[in-house]
Amino acid sequence: MTETSSAPLASASTIDEARAGHQAWRDARLSSVVSATGNLSLIETRWLQPGDETTAQDALAGQPETVTATELTRTNLDTGQPERGIRLWDANSPAIQAFETVTAFPFDPDWVIEATFTPVDGARTVPFEHIRDNGGTRDLVVPGDITFSKDGVSYSLSAFDDDGTLLLVFGDPTNGADGANGTYGSGRFLFVQHDGEKAILDFNRAFVPPCGFSDQYNCPLPPRNNRFDIPVEAGEKIVVFRDGAAH
């Protein structure tokens, strides 16, 4: 981040469009996290040993009817080999039963930003530390740089390719802060819209990552260049459960 002259953050039409769709986005988010395979329904992530042929159907043995199973893969950090896993999702999980809401800041037009997306040739990767990897890193494909200026400071952010969508993992001083403006401690996520060299970052749609709902997720953490020195008081804050219940 370097000092530079400030530029307009977004056009009036971009801001109006963001504002018009904001409540629908909030409603969809609150519905999605309590769905049958939403963030709050994940009750187990089980990584299988080499040679273990357990299927998703096998994993359902003895489970209630509200539980479904899916398979996933990752790269083992020690061996570099593919590792297969199974996830169990409970549509009636204790976390869903205790869930109250995800708090959020009011819509702020100052955090709707039109940025420049500069693609890079080839499959460039950036190491991202993950919350459950004990300091290890996983290389994720970052197809370009996202640059903009705000309040006289220039930023160059790295968003990785999440199944064809740019996902920004960012941090700021609100993370883990006490009081009404505190947000999820490990950082937040934001899907970035981009068309050619134009990227739109609507931080009002910043959201609590899956690991903020279940400790069975392994979320990436913000790299250094994705950490803001100023508070990003936009988007989701924290997950709230009734009567102080833990998920």
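Does Arg74 count as buried, partly exposed or exposed, and at what relative accessibility? Arg74 is partly exposed, at 26% relative accessibility; the classes are buried (under 20% relative accessible area), exposed (over 50%) and partly exposed in between, with a 1.4 Å probe and protein chains only.

The model is predicted, so local features need pLDDT of at least 70 and side-chain atom pairs count only at pLDDT 80 or more, whereas totals for chains, interfaces and linings use all residues. Residues are numbered from 1 along each chain as its sequence is written, and side-chain values use heavy atoms, with hydrogens and water left out.

Arg74 is one partner in a salt bridge with Glu83, where the closest N and O atoms are 2.9 Å apart. A salt bridge here is a side-chain nitrogen of Lys or Arg within 4 Å of a carboxyl oxygen of Asp or Glu. Glu83 is buried, its relative accessible area being 12%. The count by this rule is 10 salt bridges.

Another of these pairs is Asp145 with Arg124, again with 2.9 Å between the closest N and O atoms. Asp145 belongs to strand β9 (residues 144-150), while Arg124 sits in the loop between β6 (112-119) and β7 (125-129), so the pair ties together parts 21 residues apart in sequence. Helices (H or I, at least four residues) and strands (E, at least two) are DSSP runs numbered from the N terminus. Asp145 is partly exposed at 22%, and Arg124 is partly exposed at 27%.

Within helix α1 (residues 12-32), Asp16 and Arg19 are three residues apart, which means a separation of about one helical turn. Their side chains form a salt bridge at 3.5 Å, N to O. Asp16 has a relative accessible area of 47% and Arg19 one of 42%.
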